[in-house]
Amino acid sequence: MENAVPPNSNTGPVTATGDDNATSITDFSLPPITLQKLPHLSDYVPNLTTLTSPIDRSPFYHPFPGFYLSPSDIILRHILFDLSSAASDGGGRLLAYHRAGPRQTIHFDPDTVRAAIVTCGGLCPGLNTVIRELVVGLWDLYGVRQIFGVPSGYRGFYSMEPMKLDPKMVHNWHKRGGTVLTTSRGGFDLEKIVDAIEQRGFNQLYVIGGDGTMRGAVKIFREIQRRKLNISITGIPKTVDNDIGIIDRSFGFQTAVEMAQEAIDAAHVESDSAVNGIGLVKLMGRSTGHIALHATLSSRVVDCCLIPENDFYLEGKGGLFEFLDQRLKQNGHAVIVVAEGAGQDMIPRTDKQKEEKDESGNPVFLDVGPWLKSELKKWWEHDHPGELFTVKYIDPTYMIRAVPANATDNLYCTILAHSAIHGVMAGYTGFVPGPINGNYAYIPMEEVAVSRNVVDTKDHKWAWVRSVTSQPDFQKC
């Protein structure tokens with residue numbers, strides 16, 4: 001079967017030479033490669049249908065030699081190596097994934113496919129693009145005619161009628177923000193969901209959502225396996241926070257960074273136009289600060305970037321207030337970018353607030369923006385009584401989430417959708433398509449659901465932030 005794991009193998013010798021002061025390394029071999037097993041319907045469905053891909057017969061989409069991918073087409077998880085350390089310690093095993101793309105053999109008859117598409121969780125730029133491209137790809141590439149949208153997230157499977165979709169209906173959806181299918185958090189009732197999937201005859205499921213949605217999709221996948229149903233499920237990773245692990249980035253992220261810059265520019269104008277002016281911008285990022293980090297690097301007008309991965313403090317030597325005092329004396333203004341998950345341990349909260357969870361089971365965060373604005377005003381009144389001071393606070397959260405995807409994210413959404421379709425038609429299930437080191441792979445959904453992509457404050461990118469802002473490291477002596 002196509003999901004079989006080929007034998008592990010080493011590469012041939014690699015010769016590496018450094019500069020005049022470096023030690024040359026010769027005759028270096030990469031460690032063995034372990035190919036991550038990808039779930040397939042043939043693992044538990046007997047007598048699976050085997051067909052030749054209808055793409056072969058498409059009058060518009062002509063396959064070329066090498067167009068179809070095989071089990072030996074793989075993508076390495078890691079591609080950076082230190083030859084000196086690898087040569088000395090022998091290295092570990094290299095992890096690889098199946099490459100995403102069309103297969104010449106498929107396991108679904110397009111005439112019998114009933115595909116369901118659902119969006120779950122919060123909004124994100126590109127949701128409608130993914131839906132559109134799933135519909136158009138299924139329709140045009142494989143000739144599928146039974147395609148349905150499930151309204152209102154997971155609860156829609158058992159509480160609402162599905163919406164019949166076709167290319168004409170979704171033609172302009174990529175130009176709209178939000179999700180036309182509508183979405184919601186929570187509503188996850190495993191038995192009701194899988195029962196409804198069976199009753200409605202769905203045999204392909206395309207689940208679009210973030211980390212919580214992926215965890216729910218894993219449970220659906222396991223229940224489908226337990227019931228030995230001929231149903232393939234794939235998750236398409238969505239979150240503007242870019243906190244889903246393994247893949248290079250999640251769709252909507254680059255649009256979010258672009259929109260965040262507009263808010264930062266406005267904060268810069270406001271602060272620069274005031275005496276001792278501070279522009280404070282709160283950006284999305286519950287547990288990771290990727291939007292704040294990338295927007296800071298892109299804008300070049302931010303004086304301090306505060307993210308969840310890097311603790312900060314307000315008062316005392318090396319604190320935020322001391323830094324801002326110096327910056328205001330130097331420039332007369334300052335711009336602060338804070339991710340929504342930063343500083344949560346410093347905000348006073350009641351015992352009840354500490355226990356609160358949202359519909360997806362995430363801890364309820366208090367609003368760091370107004371709290372920090374208040375603390376800034378208290379500091380100035382205490383240390384500089386009678387002096388002019390202005391804080392302009394901007395929260396563009398819902399503006400960022402609700403816009404249509406930009407050109408880069410639209411292209412990305414198209415490739416994700418087509419990758420998902422090709423994998424499902426080939427009989428793979430319980431997987432997530434996504435880019436790894438710039439190439440698209442199929443990753444087991446269970447692995448994606450537990451992985452996290454956090455900002456590494458010890459890498460070069462965070463060092464660039466520090467060099468751009470000259471902010472303190474907030475390390476107390």
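I take buried to mean under 20% relative accessible area, exposed over 50% and partly exposed in between, with a 1.4 Å probe and protein chains only. My strands (E, at least two residues) and helices (H or I, at least four) are DSSP runs, numbered from the N terminus. The model is predicted, and I keep local features only at pLDDT of at least 70 and side-chain atom pairs only at pLDDT 80 or more, while totals for chains, interfaces and linings use all residues. Residues are numbered from 1 along each chain as its sequence is written, and side-chain values use heavy atoms, with hydrogens and water left out.

**Entry 1: strand β13**

Seven of the seven residues of β13 are buried, so the strand is largely enclosed by the rest of the structure.

**Entry 2: the sheet around β13**

Next I looked up the pairing, where two strands pair if DSSP finds at least two bridges between them. I found an open sheet of four strands with parallel pairing, in the order β14-β15-β13-β16. Its edge strands, β14 (304-306) and β16 (390-394), each pair on one side only. From one strand to the next, the twist averages 15°; axes here are lines fitted to C-alpha atoms, for helices over the stretch in contact, and angles run from 0 to 180 degrees between N-to-C directions.

Helix α10 (residues 368-383) packs on this sheet and touches β13, β14, β15 and β16. The direction of α10 makes about 160° with that of β13.

I then went through the bridges. β13 (residues 277-283) pairs with β15 (residues 333-339) in the parallel sense over seven bridges. I278 has A334 as its bridge partner in β15, and L280 has I336. With β16, β13 pairs in the parallel sense over five bridges, and there V281 has I394 as its bridge partner.

**Entry 3: the nonpolar cores**

For a nonpolar core I use a set of buried Ala, Val, Leu, Ile, Met, Phe, Trp, Tyr and Cys residues joined through side-chain atoms within 4.5 Å. The largest one has 110 residues, and I117, L134, F157, L205 and F251 touch the most other members. Helix α2 (residues 127-142) gives the most to this core, with nine residues. Domain 1 (98-250 + 405-449) and domain 2 (253-402) both give residues to this core, so it lies between them; the bounds come from an automatic or database domain assignment. I also noted a second, separate core of 27 residues, which includes L306, F321, W371 and F474.

**Entry 4: F108**

F108 sits in the loop between β7 (105-106) and β8 (115-119). At 2% relative accessibility, F108 counts as buried. Contact here means heavy atoms within 4.5 Å. Leaving aside neighbours within four places in sequence, F108 is in contact with residues including L41, L51, N203, S232 and M425. I also checked T52: F108 and T52 are 56 residues apart in sequence and 9.9 Å apart in space, C-alpha to C-alpha.

**Entry 5: D211**

D211 is in helix α5 (residues 211-227). Beyond its neighbours within four places in sequence, D211 is in contact with D243, I244 and R452.
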